[in-house]
Amino acid sequence: MERSTIVRVHDGLHARPATRFVKLAKGFESDIELIKMDKSVSAKSSVKLMLLGVKENEEVTVRATGADEIEAIEALIGYLEDPHAGTADEASAEARAAEPAAPVKSTVASADTIIPGTRKIRGVAASEGFAIGPAFGFFPAEIKQENRLLSQDEISAEAGRLTQAFATVQRRMDASLDATDLAESDRGIIAALKDIACDDELTRAAEALVKDGMDAVSAVIGATSRIAADFASMDDPYLNARADDVNAVGRQICLALLGQDDANLDAIPSGAILIADDIGAWDLARAPLNRIAGVICGHGGATSHVAIIARAHGIPAALGLGPSIHDLQEVKTIALDGNSGDVFPDPDQSTADRFHAQIGAEETERQALKAYKNIIPKRADGTIIEIAANLGSLEEIETAQEAGAMGVGLFRTELLFMRHIHLPSEDLQTETYMKLATAFAPDPVIVRTLDIGGDKPISGIDFPDEENPFLGWRGIRMCLDRPDVFKPQLRALLRAAVHGNIKVMLPMVSDIGEVRATRRLIDECAAELAVEGKDHRQFDLGVMVETPAAVMIAPMLAKEVAFFSIGTNDLTQYIMAADRLNPTVAKLNDVTHPAVMAAIELTTKAGVDAGIMVGMCGEAAGRVDLIPAFVKMGLTELSMSPSSIQRAKKCVSELALG
Ligand code: PEP
Ligand code: MG
């Protein structure tokens with residue numbers, strides 16, 4: 001039996017999703033294959049799955065043969081279409097293990113622009129930040145193939161040794177995974193390495209070589225280097241980086257065969273810059289990371305596991321320096337700029353001074369901002385200014401809470417609709433909004449109803465071809481025309497409101513009739529739920545102010561709704577008549593233009609006069625250069641990306657001090 005689907009797993013079947021898919025597949029007796037184009041692999045091998053290179057939005061077929069084939073297909077197709085469905089525990093475990101994002105371009109000037117004449121080697125910027133410290137070389141001896149030919153009667157003992165060595169490495173990895181002090185992100189990485197160590201593809205390839213008469217060490221090196229070469233040749237930097245993981249696992253198995261301990265990082269001095277040709281993620285995750293000030297490697301790139309660990313622990317890193325890494329073996333001091341990937345061996349005094357100053361400034365800012373995490377910023381008159389988070393999925397909850405978000409000012413529901421091949425059911429939506437509300441209760445969570453149009457179609461809704469999709473059938477306009485899409489969302493929101501402080505806002509409103517029609521639908525939904533005996537609660541209804549029409553009728557709108565949230569991203573493009581996606585008119589798409597600022601002020605005044613809350617959830621809400629003006633206008637809620645929260649809290653708190 002087989003079924004095809006479109007993969008909705010973000011970034012495709014990479015390490016962690018592949019691991020989860022394999023775990024699911026192994027729970028069934030049936031033989032299961034995953035087929036892409038005309039290539040098919042066993043769904044029970046994560047190495048093979050990763051080598052299939054399945055990307056998001058690609059079509060694949062799951063084929064199962066056996067007693068439980070129907071259940072297997074149901075579960076695996078379900079995972080591919082909605083990897084985040086499942087228990088709350090699973091979802092939050094995934095959220096905890098979420099990889100820190102690849103480095104964004106730093107706003108801090110790169111050190112090399114200011115220090116001409118100093119020797120510099122450039123690597124890949126893999127984890128941002130500046131570091132300077134004593135160099136600590138980590139160059140474990142290479143394990144070479146013995147190329148020993150076994151006699152016929154040696155083969156079975158050697159195969160036994162091989163099995164033992166695999167088991168030893170798996171046990172050691174299990175012990176690492178059991179360690180209580182392991183960071184969650186590192187746990188995910190070690191689990192992925194263990195998966196490689198347990199993978200049938202690898203064990204069978206090594207066993208086959210031993211059965212052909214090759215010694216076990218050579219067999220492991222042969223098998224791992226073939227699989228690593230397959231990863232290295234793939235057209236995807238993330239999968240290329242998995243070659244290093246396979247080699248690292250192979251090395252551990254060889255060491256177990258040889259009865260040797262690997263070199264370790266226990267002796268690394270505090271504040272040192274670690275220099276290695278190819279450090280395994282497992283070695284790094286087990287190392288005393290609090291003593292490592294920076295990491296420099298000959299191998300690796302921004303998506304390698306070493307980079308992910310470095311980012312998760314805030315350790316600057318430059319990877320992929322190539323053979324020039326060996327020139328650093330004799331170096332005493334290293335300065336490292338993780339924003340640019342530049343490495344300065346034995347820097348001169350002025351370079352060193354510059355780095356020390358930059359590190360000091362960064363650290364001071366980071367530490368100082370932490371103090372604002374739990375601050376409740378207030379205006380001078382004591383009014384609380386809520387600093388909330390903009391979120392697009394449940395996976396982002398923990399980051400927002402860690403930053404100190406005072407609730408959610410914008411939950412974009414589009415992702416929930418785009419992740420599925422069908423429209424998400426009312427129950428699935430209820431569960432999602434409920435988890436969100438519960439996580440932040442009693443703080444408010446503002447959920448925006450579906451804001452989608454012809455520029456971003458989703459399956460289940462046919463959008464007409466439009467000359468100007470940004471001026472077309474989108475947001476509230478589409479929802480009101482499609483009660484079959486809108487009502488399940490409103491019903492789900494009414495049901496979820498029982499579990500926390502849910503508020504709902506409508507996007508793209510340009511006419512008061514849209515608010516009234518939505519209210520009628522909400523009442524209809526509430527009446528239906530009452531008849532069905534389903535628990536539900538009314539929520540505050542607000543509107544996004546993001547069209548010039550909404551600004552002009554703001555005094556009237558304010559009498560009909562509980563709050564405004566100004567969407568400066570769209571408001572700017574519509575006020576300025578400058579497409580927010582068109583770089584040619586980017587100069588005009590400027591929120592600080594007096595026309596846009598006037599629109600914000602008009603809206604805020606209308607809301608304040610009517611006594612309703614006025615917030616902002618467009619990108620401008622997180623800009624510390626504009627926050628003072630917004631607070632002065634009367635905005636009392638600013639919602640932004642979690643990374644801007646502490647800075648915004650500081651900014652508002654300082655305003656109150658005058
Ligand atoms: C906005 O338009 O400012 C907004 C927050 O909504 P989006 O960016 O999702 O259109
Ligand atoms: Mg918008």
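Strand 11 and strand 12 form a hairpin in this predicted model, with four residues between the two strands. Glycine 341 lies in the turn and has a positive phi of about 85 degrees.

**Strand 11 and its partners**
- Strand 11 (residues 333-337) is largely enclosed by the rest of the structure, because four of its five residues are buried.
- Its pairing with strand 12 (residues 342-345) is antiparallel and runs over four bridges; within this pairing, isoleucine 334 has proline 345 of strand 12 as its bridge partner.

**Alanine 126**
- Strand 6 (residues 124-127) contains alanine 126, which is buried, with a relative accessible area of 0%.
- Between alanine 126 and glutamate 74 there are 52 residues of separation in sequence and 39 Å in space, C-alpha to C-alpha.

**Helix 15 and helix 17**
- The axes of helix 15 (residues 426-440) and helix 17 (residues 483-496) come within 8 Å and cross at roughly 40 degrees; the two helices are therefore oblique to each other.
- Their crossing is right-handed.
- Residues of helix 15 in the contact include Glu426, Asp427, Tyr433 and Met434, while those of helix 17 include Pro488, Arg491, Leu493 and Arg495.
- By class, the contact of helix 15 with helix 17 has six nonpolar, three polar and four charged residues.

Note on methods: Residues numbered from 1 in each chain as written. Chains lettered and ligands numbered in written order. Predicted model: local features only at pLDDT ≥ 70, side-chain atom pairs only at ≥ 80, totals over all residues. Heavy atoms only, no water. Axes fitted to C-alpha atoms, helices over the stretch in contact; angles between N-to-C directions. Parallel < 35°, antiparallel > 145°, perpendicular 65-115°, else oblique. Left-handed = near helix turned anticlockwise from the far one by under 90°. Contact = heavy atoms within 4.5 Å. Nonpolar A, V, L, I, M, F, W, Y, C, P; charged D, E, K, R; others polar. Buried < 20%, exposed > 50% of the residue type's maximum accessible area, 1.4 Å probe, protein only. Pairing = 2+ DSSP bridges.
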